[in-house]
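Hello,

I am passing this structure over to you. Please look through it first, then read my notes below.

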Amino acid sequence: MGGYGDVKLLRDDGLRLDGRKIDEMRPIEIEAGYLPAADGSAWVKHGLNIAVAAVYGPMEAHPRKIQRQDRCVIDVRYNMAPFSTSDRIRPGFNRRSREISKVTAEALESVVICERYPRSKIRVEIEILSAEAGTRCAGITAAAVALADAGIPMRDLLVGVASGKVEGVVVLDLDKAEDNYGQADLPVGILPNTGEIAFLQMDGDLSPDEFNLAMKYNFKAAAEIHEIMVDALKRRYEGGEN
Amino acid sequence: MVALVPTLLRQELARLAENDARIDGRGRWEGRQITLESDCLYNGEGSAKVVWGDTIIYAGVKFEMRTPWPDRPNEGSLMCSAELRPIAGRKYEPGPPSPESIELSRVVDRGIRESGCIDMEKLCIVPGEKVWGVMIDIHVLSDQGNIFDACALAAITALRTAIVPAERFDVGDDYTLNVKSTPIMASFTRVGGRYVFDASEEEELGGDERIHITLGDEGHLHSLQKGLKGVFTPEEFAEIFDVAQSRCVELRKLVANQEGN
């Protein structure tokens, strides 16, 4: 975490700089089936973050050595657009996006019923168009809706959500300032129906009690985001477009 | 299988062309519907989204402060870069920029650069020391045909609505970037033996060479490119050049409408 410490992130009335309560999420909007070219896709606006995910496949896995005889592999690419942040990002690979892609792929492999598609590959492309803290979570949420939109069977819809700590207080869903100057960040991927966790990262400093509270906030938020995800999928398929 | 589908598609496109018809029912010079949106990305100093038929493109403008090139101490720089990300379609693979995406970047870049719409000397902050580098990044999210025209439209719209972030770099107040003209690209693809405007993905798959024409406000040529295998006659070019003139005027009005917001 930034660890600057002297930046004020909580107001005297106990609310956060953007007026949210400590356990309040930023607004979320989701649209399923955003990209005509993809087999499944989703657009997620989470606060000022915008993530677009596309799913291609299941398709033949190339090269052959990546094939698994009993299941499919999930190939995730998380990428930030050059114009997504205040300083331009050089296009191409970097260590951060590679790591996020890897752990996101493993999280998705834990929810997709991979045994259904032996020797295949499912491509999941996550593009971050606007970044304002919380892009990996927005990306996970978008990827899960895109997989559902593509008709890929899953044990549950994976929900990306984060809590953290600012000025010694545990808060839900950090924004940019809170992420930069706060003391901890705990992004997770939650299966809301089973209560399991498929994605977990953390950095900063949390006591065991603070961790438990942050997790409680995350589970509460995951249930709310899950409803928005289901609504988006219903709108897509109940409208009679397909 | 890979070779068979285009062969059948080519036959169908040729049959349609005999009756002057297109596979999606459009007229030969008729473009698809376009929705243009500007200032749609929070962190872009200028931004645009183009939905052109089912093709979806985002463009964002960023500014960098850099030292000028030694031979041009009073000039800033402009760079236009298009990324054909693997999200854009099944056929796109991850990896270093493909020749296709480099061609796309450079053709869009030339149209904007050569039109002279940006005065490079106006991008100078301190001669010999500090100048603005303007970067236009184009992100292709969905390729369903004619990404060249859609990318060029997104790029110029983002540029024309860009704000120079001088405050953030401690060099005065933010101001609107001065863009003197609106270069517009119109592209034609040979489908079923004759040229059509704004080819769809299917027409590109079963078509031949393409010609990209970028025109300035006065109808002057600023960039031309012929891509893919095939030849054309001067008469054919004269015909599409006339169509390009009128299509570019219409597209320029779309950009002007965005600036009115």
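How many cavities of 30 Å³ or more does the count come to? It comes to one. A cavity here is a set of points, on a 1 Å grid over the protein atoms alone, where a 1.4 Å probe fits but cannot get out. A pocket is an open set with protein on both sides within 12 Å along at least five of seven lines, and lining residues have an atom within 4 Å of a point.

Some ground rules. This is a predicted model: local features need pLDDT of at least 70, side-chain atom pairs count only at pLDDT 80 or more, and totals for chains, interfaces and linings use all residues. Residues are numbered from 1 along each chain as its sequence is written, chains are lettered from A and ligands numbered from 1 in the order in which they are written, and side-chain values use heavy atoms, without hydrogens and water.

**The cavity**

The largest cavity holds about 40 Å³ of space (the space filled by probe spheres set on the grid points, which are joined across faces, edges and corners). Its lining includes Val108(B), Ala152(B), Met185(B) and Thr214(B). H2(B) gives the largest share, three residues. Helices (H or I, at least four residues) and strands (E, at least two) are DSSP runs, numbered from the N terminus.

**The sheet in chain B**

Four strands form an open sheet in the order S10-S9-S11-S12 (chain B), with antiparallel pairing. Two strands pair if DSSP finds at least two bridges between them. S10 (194-197) and S12 (221-227) of chain B are at the edges with a single partner strand each, so one side of each has no neighbour in the sheet. Six bridges join S11 (residues 210-215) of chain B to S12(B). Leu215(B) stands opposite Leu221(B) in S12(B). Helix H2 (residues 99-114) of chain B packs on the sheet and touches S9 (184-191), S11 and S12 of chain B. Contact means heavy atoms within 4.5 Å.

**Chain A**

Chain A has four helices and ten strands. Its C-alpha atoms fill a box of roughly 55 × 40 × 35 Å, taken along the principal axes.

**The second largest pocket**

This pocket holds about 650 Å³ of space. It is lined by 31 residues; Arg96(A), Ala133(A), Thr135(A), Arg136(A) and Asp179(A) lie nearest its centre. Among the elements that give two or more residues to the lining are helix H1 (95-111) and helix H2 (135-149) of chain A.

Best wishes

Notes:
Axes are lines fitted to C-alpha atoms, for helices over the stretch in contact, and angles run from 0 to 180 degrees between N-to-C directions.
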